[in-house]
Structure formats: structure tokens, C-alpha cells
Amino acid sequence: MSDDKSFDDEESVDGSRPSASSTPKASSATKKMGSGSIAGKRSASAPGSKGASKDGALDEDDFTRAFNDVPTVQIFSNRELEETLNKIREILSDDKHDWDQRASALKKIRSLLIAGAAEYDCFFQHLRLLEGAFKLSAKDLRSQVVREACITVAQLSTILGNKYDHSAEAIVPTLFNLVPNCAKVMATSGAAAIRCIIRVSRSCILSDLVFVIFTINSARSPQG
């Protein structure tokens, strides 16, 4: 898409320069992420460069580093945020888009979260609408798209807590399907995302769902 450059824009979610009178909302979510996210700068090292093994395996420490390794954006209105989220959903819902566009769209969600998107009325409604797109991304044939999907879901769960439980319940079965994947980056991304979700969730439904899926998968595993 010709306007995908706005996904890396450092000024506004729609790529436009803010007016002198425009003031973005302060982000409580940003404060949770620590001082590195307040500045919105990319981390000095690439995600996984310190903790990822040579075979591409990822863990929760790699995820934590990747949370903030995204372009900086600012949000100036509810309408602007809605337009951006609609664009993201359109890209993620169509696997005919280039894989790098889909990966950038997933990173953009993390950028928006750091910028305080959760303080806007439309954000949680759009998260529900994005559930199908997240599942499609986690099933992608490109490991980079799967990786970004898992990191994004993990960050949403970490920051939003029980407010994200419904969407987490929707994607957990897909994440479990990644675990036996022969591609290390996909398998370990799915496992790390599940651990992040379980750590912060207070949902009995989610806990029961994880237990049931784990039990079923264990029963299906060949006995050696």
C-alpha cells in the first residue's frame, strides 16, 4: 500500500503533523511500560539479541525487549485512532498483503498501546474486532508475522490484564497449535505468549481452557 509509510511515522497515527493546539492524552499504560517507553525510542539492541538462542528460539525476556522496539506514534483524537485501527484490521485480515506490511501492522498496535490507546473509548471495541485478525496472523506461514502476533498479544495481555481476557480466550487455542511447530521461532513464540497471558490473567475460564487444551494435547502425544 502506498501509504504504509505512516506506520513508521513518529508524529501522528495518521502520519500528519500535529497542530500547535493539539495535545495527545498522557498515557498511564506508558508509565507501566517504564521509562524506556515514555521516550518512545527504539531499544539499543534488536529484540532477542541478548536472550534468543542461535536456533531462533524466543522466551519472555525477548518478548519484553520487543514490547518497546516499535516506532513512536502520538494519538490526537478518538476518530484518528479509529481510522488507524480500521486500517490495521484491513491489512491483518487479508493475507494477500505483503508479509512485512502485516508485521508492521502488528507492531503499530504496540505503538498505539504505548501511546495511550487504551484511554480512548473505541480501543477495546476494536480489540474485539481484531480477534479474527490476530488468529489469522498467528496461523501465518511467515515466522516473522507469527512472532509479531505473539508478541503483540502478550503485550496487550500484560498491559491490559483482565480487560483483555475475552480476546485472550479467543486466541489461546491458536497459540497452543503453534507449540509443536517444527520452526523454533513459531513454537517458542506461541509458548511465550501463553505464559505471558497466564501470568496476568484472573479469568477462571481462561485457566480452565488452558488446562483442557494442555490435557488434550498431552493425550494425543505419542507415548515413547
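The model is predicted. Among the elements covering the buried residues of α4 are α5 (99-114), α6 (123-129) and α7 (131-138).

**Helix α4**

- Helix α4 comprises 15 residues (78-92), for which 1.5 Å a residue predicts a span of 21 Å; the end C-alpha atoms are 21 Å apart, in agreement with that expectation.
- The buried residues of α4 are E80, L81, T84, L85, K87, I88, I91 and L92.
- Viewed down the axis of α4, these buried residues fall within an arc of 160°, and they therefore line one face of the helix.
- An α-helix has 3.6 residues a turn, so residues three or four places apart point the same way.

**The largest nonpolar core**

- This core holds 49 residues, of which F63, F134 and L156 touch the most other members.
- Helix α8 provides the largest share, ten residues.
- Beyond its neighbours within four places in sequence, F134 contacts L106, I109, T152, V153, L156, Y164 and I171.

**R147 in helix α8**

- R147 lies in helix α8.
- R147 counts as buried because its relative accessibility is 9%, below the 20% cut-off.
- The side chains of R147 and E148 make a polar contact at 2.6 Å.

Terms used:
Residues are numbered from 1 along each chain as its sequence is written. This is a predicted model: local features need pLDDT of at least 70, side-chain atom pairs count only at pLDDT 80 or more; totals for chains, interfaces and linings use all residues. Side-chain values use heavy atoms; hydrogens and water are left out. Helices (H or I, at least four residues) and strands (E, at least two) are DSSP runs, numbered from the N terminus. The expected span of a helix is 1.5 Å times one less than its number of residues. Buried means under 20% relative accessible area, exposed over 50%, partly exposed in between (1.4 Å probe, protein chains only). The arc is that of the directions from the helix axis to the C-beta atoms. Contact means heavy atoms within 4.5 Å. A nonpolar core is a set of buried Ala, Val, Leu, Ile, Met, Phe, Trp, Tyr and Cys residues joined through side-chain atoms within 4.5 Å. A polar contact is a pair of N or O atoms within 3.5 Å; within protein, one must be able to donate a hydrogen and the other to accept it, and residues adjacent in sequence count only if both atoms are side-chain atoms.
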